[in-house]
Amino acid sequence: MKINPLKIIFTLVVLFNSSAFLAQEYSFKSYDWNEKETTVSVPEKYKNENEVILNRTEKIEFVIVGKTAKQYHLVHEKIFINSDDAIERNNKIYIPFSLDESVLANKARVILKNGTTILLDKKDIKEDIDQEKGMKYTYFAVNGLEKGAIIEKLYVLEESPEFTGQTIKMQDEYPIADLNFELIYPNYLVFKTKSYNKLSEPTIDEKKIQNTNVLSIIEKDIPALDNNEQYSNWALQLKLFRYKLDENLLSGGRNLNNFKEFSNNLYTRLNPELDKKQQKAIDDFCATIPKSNDEQEQIWNIENKIKKTIGYDRYIDSKENLSDVIVTKQANQSDILKFYSAVFKYFSIENNMVFTSNRYKIPFDKDFESFENLNELLFYFPTIKKYLTPTEIEYRIPLFPNTIANNNGLFIKEKTFGGVKMGIGEINFIEIPGNDISHDIMNITIDFTQDIENPLITSNLTFGGYSGLNFQPIKDFASADQYKAVLKSIAENYTVETEYKTLTTENDGIEFIGKKSFVLNVTFDGKELTKKAGENYLFSVGETIGKQMEFYQENKRTLPVEIDYPHLYTRNIKIILPKGASVKNLDKFVMDYKTQVNGKTEAGFNSKYTKTGDEILIENTEFYNIVNYPLSQFDDYKAVINAAADFNKIVIIVTK
């Protein structure tokens with residue numbers, strides 16, 4: 001049986017340990033769109049918009065019969081299509097659920113400007129496979145869509161109830177003219193709720209339906225929030241609504257779904273007493289792990305051994321005991337956590353289990369105890385202040401997915417009270433490895449002495465931390481020919497797609513992740529970077545550092561900056577000139593841009609040069625110390641980003 005932190009048994013025990021309200025049907029069973037509607041009024045203020053959600057109605061209702069609880073979920077939406085881009089974007093209406101689920105209604109139609117209605121039915125449902133992600137999608141194929149048309153869709157699902165925490169998105173990348181949300185539940189239940197980013201607070205109607213509370217949020221004219229702004233966290237800025245079951249007035253259950261009980265229950269479940277057979281199996285397994293007096297290296301050895309020995313699959317059934325995990329070399333989520341915990345105990349390594357969320361999907365709110373925030377896993381080691389991800393095969397300590405760092409998390413640590421070991425939960429911040437880890441270093445030599453029209457370029461490129469992680473695992477998962485092709489593709493970014501003369505690598509493969517940086521050594525002829533102009537030679541020095549992000553935003557920025565991880569670039573470019581040659585445009589290399597946050601320089605681009613005889617040394621540093629930059633500093637941040645792109649365009653003039 002796999003762990004799902006969103007469904008903890010004790011919640012349902014408290015919920016049903018009472019005489020339940022015997023609801024027979026969900027209240028919106030007869031809800032439908034207006035079959036006779038052939039025109040939809042578009043408010044004047046939205047008639048020139050490319051796309052508008054005219055109405056979004058969402059209802060979630062909990063129905064409890066005896067000791068059975070069900071959740072019914074309605075979504076009804078009308079979208080105004082008013083541009084070619086909107087037509088292209090909406091010619092497939094993706095279905096956000098499996099057709100194998102309990103689908104009680106699923107329909108869509110198009111209302112054209114002339115009043116013609118195109119009703120989509122089951123024959124219009126198609127499948128699409130994303131080969132890259134290995135995922136299958138189902139959608140309504142929409143034909144005949146035109147500017148000024150309305151797409152209307154409606155579905156109702158019967159689902160397992162989500163009592164432990166749920167987030168509803170109340171804003172979109174397109175304007176919403178009218179939004180109506182209802183949470184409907186028996187009046188003996190009490191829900192804790194929270195509105196985010198200036199979303200209005202809900203109202204509760206206790207009389208609309210007998211013995212039932214209807215919690216409502218009604219919003220008008222919700223502005224669009226651009227989801228295409230680079231270096232941002234859209235999910236953190238949206239108007240959101242969260243809820244979770246907090247009390248059951250019939251049973252007297254209070255403070256339900258809390259982190260304290262979750263922490264102790266989970267600790268007990270994942271740290272069972274091992275019998276002699278299981279302990280012997282763990283001891284034998286641990287005897288094969290290289291020993292080290294350095295704690296981080298010891299943890300690296302443990303992680304490497306487990307990840308190379310035990311295959312992780314979240315969806316397989318749990319094994320009866322840890323001996324079976326070793327024999328079958330397979331583990332699901334609960335198995336792998338038990339296994340790591342048992343191995344850490346063998347080596348006497350203090351650790352905390354950490355449960356958190358993806359900061360780009362459901363940011364962790366330390367003031368709202370929602371189990372929805374507990375779907376990503378880590379181990380934390382207090383003595384070295386480092387993290388390990390037990391389920392991602394390509395990572396090694398100190399690297400772990402940056403999407404779950406720079407975020408809060410629930411840290412579950414072992415405490416002993418009266419001789420009894422318990423799990424105690426605390427909310428702490430998950431620090432992301434700094435730019436001392438993700439440090440890229442480029443040492444580039446451009447030698448004109450043999451041929452001024454075709455200089456020899458030698459590049460030694462070091463990719464540290466998360467940058468190196470982009471390359472290092474590939475060798476272990478690709479064939480030799482595939483890996484050769486990948487290296488060629490990487491090299492082309494730094495050789496301006498010119499065929500290289502030599503290419504070698506260092507520290508490639510999983511065994512170096514978290515230990516050493518990935519190194520790429522490449523030499524190539526620079527004739528493609530050289531152009532003759534009369535007696536002069538124009539050489540594109542800047543292109544030797546590879547393609548750079550160019551960040552020019554036409555519209556006014558609306559979101560603060562959030563990057564994936566701190567990083568640092570050090571670039572040293574040596575130019576060796578022929579005897580007696582002169583060079584111009586060196587002043588272009590003098591650059592200094594910085595971004596200050598709270599009076600401290602947290603991002604910068606600095607470049608300078610020195611000339612000694614026939615040699616020129618260009619030294620360049622670009623750094624991003626933190627993950628978050630306020631909107632007020634956006635222009636300064638953009639200047640730092642664009643400085644690298646401007647450097648990339650620098651051309652020097654060499655004359656014999």
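R56 has E77 of β2 as its bridge partner, in a model that is predicted. Strand β1, spanning residues 51–65, and strand β2, spanning residues 68–81, run antiparallel and are joined by 14 bridges. Both strands belong to an open sheet of 8 strands, in which the order is β5-β4-β8-β2-β1-β10-β13-β12 and the pairing is mixed. At the edges of this sheet lie β5 (117–120) and β12 (203–209), each of which pairs on one side only, and from one strand to the next the twist averages 15 degrees.

A further open sheet comprises 4 strands, arranged as β26-β27-β35-β30 with antiparallel pairing. Its edge strands, β26 (530–533) and β30 (582–584), each pair on one side only, while neighbouring strands are turned against each other by 25 degrees on average, direction ignored. Within this sheet, β27 (residues 536–539) and β35 (residues 652–655) pair in the antiparallel sense over 4 bridges, and L538 stands opposite I653 of β35.

The second largest pocket holds about 740 Å³ of space. It is lined by 31 residues, of which Y231, S467, Y565, H567 and Y569 are the closest to the pocket centre. Two or more lining residues are contributed by each of the strands β22 (439–447), β29 (567–576) and β33 (615–624), and likewise by α9 (465–469) and α12 (634–647). By residue class, the lining of this pocket divides into 18 nonpolar, 7 polar and 6 charged residues.

Methods:
Residues are numbered from 1 along each chain as its sequence is written. This is a predicted model: local features need pLDDT of at least 70, side-chain atom pairs count only at pLDDT 80 or more; totals for chains, interfaces and linings use all residues. Side-chain values use heavy atoms; hydrogens and water are left out. Two strands pair if DSSP finds at least two bridges between them. Axes are lines fitted to C-alpha atoms, for helices over the stretch in contact, and angles run from 0 to 180 degrees between N-to-C directions. On a 1 Å grid over the protein atoms alone, a cavity is a set of points where a 1.4 Å probe fits but cannot get out, and a pocket is an open set with protein on both sides within 12 Å along at least five of seven lines; lining residues have an atom within 4 Å of a point. Grid points are joined across faces, edges and corners, and a volume is the space filled by probe spheres set on the points. Ala, Val, Leu, Ile, Met, Phe, Trp, Tyr, Cys and Pro count as nonpolar, Asp, Glu, Lys and Arg as charged, and the others, Gly among them, as polar.
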